[in-house]
Amino acid sequence: TGVQTCALPISWAARKPVLASQTSGALDLIVDGCNGHLFALHAPERFHAALDCCLNDAEHARMLGELGHERAKEFDTVKLAGRVRDLYAELAEEKRK
């Protein structure tokens with residue numbers, strides 16, 4: 001859901017591991033096992049396995065949080081605004097041609 005997708009960068013900004021259901025937003029942001037864990041809503045055993053992994057392996061949980069933190073930097077508002085500005089400048093330039 002949109003709420004879940006909004007929570008991902010917030011969790012990552014705090015260097016926390018994320019567990020998310022396989023929805024369109026999460027699928028676009030999470031590389032399963034790299035910067036978070038994904039699970040199907042109809043497969044609660046996957047959720048429990050991912051949760052156990054994070055609770056029982058502090059290094060793995062830390063790695064998920066760190067890699068997620070790096071991903072969250074892509075959503076910095078200043079960077080996003082700069083990308084939008086650059087896109088508009090590029091479109092304006094193409095229109096002038």
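Reply: The sulfur of Cys53 lies 5.6 Å from the closest cysteine sulfur, that of Cys54, which is too far for a bond; a disulfide is taken as a pair of cysteine sulfur atoms within 2.5 Å. This is a predicted model, in which local features need pLDDT of at least 70 and side-chain atom pairs count only at pLDDT 80 or more, while totals for chains, interfaces and linings use all residues. Residues are numbered from 1 along each chain as its sequence is written, and side-chain values use heavy atoms, with hydrogens and water left out.

Cys53 is partly exposed, at 27% relative accessibility; here buried means under 20% relative accessible area, exposed over 50%, and partly exposed in between (1.4 Å probe, protein chains only). Across the whole structure, the search finds zero disulfides. Cys34 is likewise in no disulfide, and the nearest cysteine sulfur, in Cys54, is 13 Å away. Cys34 is partly exposed, with a relative accessible area of 31%.

The largest nonpolar core has nine residues: Leu8, Trp12, Val18, Ala20, Ala26, Leu29, Ile30, Leu38 and Ala72. Such a core is a set of buried Ala, Val, Leu, Ile, Met, Phe, Trp, Tyr and Cys residues joined through side-chain atoms within 4.5 Å. Leu38, one of these core residues, is in contact (heavy atoms within 4.5 Å) with residues including Ala20, Ala26, Ile30 and Arg46, when neighbours within four places in sequence are left aside.
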